[in-house]
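User: I'd like to learn how to read a model like this one, feature by feature. Could you walk me through it?

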Amino acid sequence: MSAALLDIDHVSKRFVKRPSLGERIAGLIGAGRNTEIVRAVSDVSLKIRKGEVIGLVGESGCGKSTLGRIVAGIYAPSDGKILFDDKPVAREQGRHTQKLTTRVQMVHQDPFASLDPRMRIGDTVAEGPITHRIVKSRDADSYVADMLGRVGLDPSYRRRFPHQFSGGQRQRIAIARALAMKPDLLVLDEPVASLDVSIQAQVLNLFMDLRQDLDLTAIFISHDLGVVRHVSDRVAIMYLGRIVELAPTAELYAAPNHPYTRALFESVPRVGVGRKNFRPIAGEIPSPLHPPSGCHFHPRCPFAGPRCKREAPPLAAIGPGRFSACHLNTGGTE
Amino acid sequence: MSEPVLRVKDLRTQFHTRAGILKAVDGVSFEVGRGRILGLVGESGSGKSVTGYSILGLIEAPGEVAGGQVLLNGQDLTKLKGEAIRRVRGAQVAMVFQDPMMTLNPVLKIGTQMIAAVRAHDRVSRKVAWTRARDALAKVGIPSPEERLDAYPHQLSGGMRQRVAIAIALLHNPAVIIADEPTTALDVSIQGQILAEVRRLADETGTAFVWVTHDLAVVSSLADDICVMYAGRVVETGAAADVIAAPRHPYTAGLLASVPAEHEPGTRLPQVPGSTPSLANLPPGCAFAPRCFRAGPACTTTPPVQDFGDGRTALCHYPIETDKCQPLSSTSTTYRSAS
């Protein structure tokens, strides 16, 4: 096993709601409410090896996008640290930080929002590499042509504007922009969620080709279990800010361990399975503002016992390379 | 199938634009029986949503329903104007939108809105209307409906709001509910709950659903029948299970083949090449021909509707004949052999 390229070490992220003026005045006279805190990510640890693709799966509010953004350097973690090649990222200052953060690039969900509508796509792709001196501006043209060709776009399109492209093509441009920075790690946040099914397959194929050619390391964030299964080596399932299960893809899909993972698999409609053959999970996703005590999943879990309300289960090894956060694996729920 | 409650015949909806006339819906026909769920499947720009809007008479200038009939229990809705269509909308045909906040007013309590919706069609007291609203919420599986009636939309989760929108659609026991991508914005576990409720409602109340979606997996688990649209036309119809097991139209086959869950992880997915054509610039003949692996010389002319019996049709010169489908030409695209 090669060393970890990225080490997410006990990372948490809290968002604190800024009190309004009225609430601050109320606070001064001692009548204020407690500040509201969202624990978007709490105590997540994950190591990613070079050349590996990790799938990050979960429903809305589970913290998967926040975690991706922390890795990409958009947010600083509230606690814990991110190590890149054994060097901490977020706490470094000045030029060094800049150098490290360019090594992680992000592809966002909505290619209609992530591309500057008033910039020619060639300039969009070239901007980062020129700024960070990866390429000289006089060589930028051929560099951009190379990048566009790599994602399956005609280099002659580089004088065009984003509105002249379809959703699938725009997502290719966004991928080209990320690759142009020669990143060591790619964070893809729901890259195919907004695309039509037939276009989705094209972009997934492109991703798998690029991965093979460039030996990419990537975090692939998605709510679509089928997509994640197809592209990832390992999958982390998240629920309300915590990783509840982490396993190699094939093993996870063959035998999911955590009750939430199992329930999630059963509630997904699948082509060809036929009518009524899926069982939905009972209950709502709790608000991240007020997560349930103990194991966050216990109010919806068919196996929950008193211990699940009291203590949060740690993410414990249940086999080689397999981790699950459930009391059922560690002495029961009583 | 019993006498269909909704029969759409050769529906044509077009938009007048500077680029010319766009035929968003170009001769669409289908029917839905009592308590049946029809999955209207297509990608963006296929005309599936415009078909839904046309049924309710919601097309506004520069668009118009230029031809065809929408027969609801024998009455042609396209002939109704003004007050007449308003009496039908919400009472006999209702709509559920993708975003429940398109249905709900953010500054009014759920109860206020639902009572108004009841009294828009029935002259009943507020008290009776309140009871009906509460019963409708209970019917779609909302816990403690009395409290929800007193809540504002922002106090509910996305899934709950969509249930409220479905409850409002159900208030007058309509013959048909048109649902436009109602679960697309929801999480999978919540989507699963709503699909199970809708299936139960269709079976118990006899309300027919037209479920507009791009998601084949949803249709596969929910719908009785499928109607696949491409560039404004219906390209394939049939019982949901049959179409998914053995598609006849190459487009349906391509769509089904590109679903990642059906393939060995890490392998290349069979992809439909190219992208959806612009309606302003459709190729002559079959609109799918430029992307089709089976396209032949005849495809420059308008394809015929091939009838295979049992409600199965395909709009294609070269439909996939048997339960084995192999590409005719040696392209890199191999579609899954339908078993």
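Analyst: Let's begin with the record. UniProt positions are given in the numbering used here, with feature names shortened, and annotations may be inferred rather than shown by experiment. This is a predicted model, where local features need pLDDT of at least 70, side-chain atom pairs count only at pLDDT 80 or more, and totals for chains, interfaces and linings use all residues. Residues are numbered from 1 along each chain as its sequence is written, while chains are lettered from A and ligands numbered from 1 in the order in which they are written.

User: Which residues of chain B does UniProt list for "domain: ABC transporter"?

Analyst: The unreviewed UniProt entry lists residues 6–256 of chain B under that name. To describe such a span you need elements: helices (H or I, at least four residues) and strands (E, at least two) are DSSP runs, numbered from the N terminus. Residues 6–256 of chain B are 39% helix and 28% strand, and the end C-alpha atoms of the span lie 27 Å apart.

User: How do I read a sheet, and in what order do the strands of the open sheet in chain B come?

Analyst: Two strands pair if DSSP finds at least two bridges between them. In chain B, 4 strands make an open sheet with the order 2-1-4-5 and antiparallel pairing. Strand 2 (20–32) and strand 5 (75–76) of chain B each have a single partner strand, so they are the edges, and one side of each has no neighbour in the sheet. Further in, strand 1 (residues 6–17) and strand 4 (residues 63–72) of chain B share 8 bridges in the antiparallel sense. To find your place there, look for Arg7(B), which stands opposite Leu71(B) in strand 4 of chain B.

User: On to chain A. Why does its radius of gyration agree with a compact globule?

Analyst: The radius is taken over C-alpha atoms, and the globule rule is 2.2 Å times the number of residues to the power 0.38. For 334 residues a compact globule would come out near 20 Å, and chain A has 22 Å, so the two agree. The C-alpha trace of chain A spans about 70 × 60 × 40 Å along its principal axes, and the chain holds 11 helices and 12 strands.

User: Is Leu115(A) buried or exposed?

Analyst: A residue is buried if 20 or more other C-beta atoms lie within 10 Å of its own, exposed if 12 or fewer, and partly exposed in between, with C-beta atoms placed from the backbone. Leu115(A) has 22 C-beta neighbours inside 10 Å, so it counts as buried. You'll find Leu115(A) in the loop between strand 6 (104–107) and helix 4 (121–131) of chain A. Contacts are the next thing to check: two residues are in contact if their C-beta atoms, placed from the backbone, lie within 7 Å. Leaving out residues up to four places away in sequence, Leu115(A) touches Thr124(A), Pro162(A), Arg170(A), Ile173(A) and Ala174(A).

User: How many residues of helix 2 of chain A are buried?

Analyst: In helix 2 (residues 64–71) of chain A, 7 of the 8 residues are buried, including Lys64(A), Leu67(A) and Val71(A). Just past helix 2 of chain A, Gly73(A) has a positive phi of about 85°.

User: Where does Arg133(A) sit?

Analyst: Arg133(A) is in the loop between helix 4 and helix 5 (140–150) of chain A. Arg133(A) has a positive phi of about 55° although it isn't a glycine. With 8 other C-beta atoms within 10 Å, Arg133(A) is exposed.

User: What is the mean pLDDT of chain B?

Analyst: pLDDT is the predictor's confidence in each residue, from 0 to 100. Chain B has a mean of 89, and 94% of its residues reach 70 or more. Over residues 324–339 of chain B, though, the pLDDT is below 50. Where pLDDT is low, the predicted coordinates should not be read in detail.
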